[in-house]
Amino acid sequence: MKKSYKIDVDCANCANKMEVAANDTEGVKSAVVNFMMLKMNVEFEDGVQPKEVMARVLENCKKVEDDCEIFF
């Protein structure tokens, strides 16, 4: 399953950190952050609940960039 989420981040480097953190989250098959569009496209592994996984993605992103936000 693929979903797109609006994000709030201040700089391209921070967006890159968010992308790495999202890809390192269990349940995420792949994640791509588009800084110019302020979007995160996430492909989930089979059988996971996207809301639960996105809560962990946000938690991991906050570790590398504490003022970022993902709207899900």
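A residue is called buried when its relative accessible area is under 20%. In this predicted model, 36% of the 72 residues of the protein chain count as buried.

**Figure 1. Overall fold of the protein chain in the predicted model.** The protein chain contains two helices and four strands, and these follow the pattern β-α-β-β-α-β along the sequence. The C-alpha trace spans about 35 × 20 × 15 Å along its principal axes. The radius of gyration is 11 Å, which agrees with the value near 11 Å that a compact globule of 72 residues would have. Of the contacts between residues at least 6 apart in sequence, 55% join residues at least 24 apart.

**Figure 2. Surface and charged side chains of the protein chain.** The accessible surface comes to about 4400 Å². Carbon and sulfur atoms account for 49% of this surface. The side chains include 10 positive and 14 negative ones, and the centres of these two sets lie 5 Å apart.

**Figure 3. The largest nonpolar core.** This core holds 21 residues, of which Met 18, Met 40, Val 42, Met 54, Val 57, Cys 61 and Ile 70 touch the most other members. At least two core residues come from each of strand E1 (2-8), helix H1 (12-23), strand E2 (28-34), strand E3 (39-44) and helix H2 (50-64).

**Figure 4. Surroundings of Met 40, one of the core residues that touch the most other members.** Residues up to four places away in sequence are not counted in this view. The contacts of Met 40 then include Lys 3, Ser 4, Tyr 5 and Ile 7. Met 18 and Ala 22 also touch Met 40, as do Val 32 and Val 33. Further contacts of Met 40 are with Met 54, Val 57, Cys 61 and Ile 70.

**Figure 5. Met 18 in helix H1.** Met 18 has a relative accessible area of 0% and is therefore buried. Not counting residues up to four places away in sequence, Met 18 touches Ile 7, Val 9, Val 33, Met 40, Cys 61, Val 64, Cys 68, Glu 69 and Ile 70. Met 18 and Ala 31 are 13 residues apart along the chain, and their C-alpha atoms are separated by 9.3 Å.

**Figure 6. Ala 15 in helix H1.** Ala 15 counts as buried because its relative accessibility is 3%. Apart from residues up to four places away in sequence, Ala 15 touches Val 9, Val 33 and Phe 35. Glu 43 is 28 residues from Ala 15 in sequence, and the C-alpha to C-alpha distance between the two is 17 Å.

**Figure 7. Leu 38 in the loop between E2 and E3.** The phi angle of Leu 38 is near 55 degrees, a positive value in a residue other than glycine. Most residues other than glycine have a negative phi. With a relative accessible area of 26%, Leu 38 is partly exposed.

**Figure 8. Pro 50 in helix H2.** The relative accessibility of Pro 50 is 12%, so Pro 50 counts as buried. Pro 50 and Tyr 5 are 45 residues apart in sequence, with 11 Å between their C-alpha atoms.

Note on methods:
Residues numbered from 1 in each chain as written. Predicted model: local features only at pLDDT ≥ 70, side-chain atom pairs only at ≥ 80, totals over all residues. Heavy atoms only, no water. Rg over C-alpha atoms; globule rule 2.2 N^0.38 Å. Buried < 20%, exposed > 50% of the residue type's maximum accessible area, 1.4 Å probe, protein only. Contact = heavy atoms within 4.5 Å. Areas by Shrake-Rupley, 256 points an atom, 1.4 Å probe, with all protein chains shown as cover. Lys, Arg positive; Asp, Glu negative; His and termini not counted. Charge placed at Lys NZ, Arg CZ, Asp CG, Glu CD. Core = buried A, V, L, I, M, F, W, Y, C linked by side-chain atoms within 4.5 Å.
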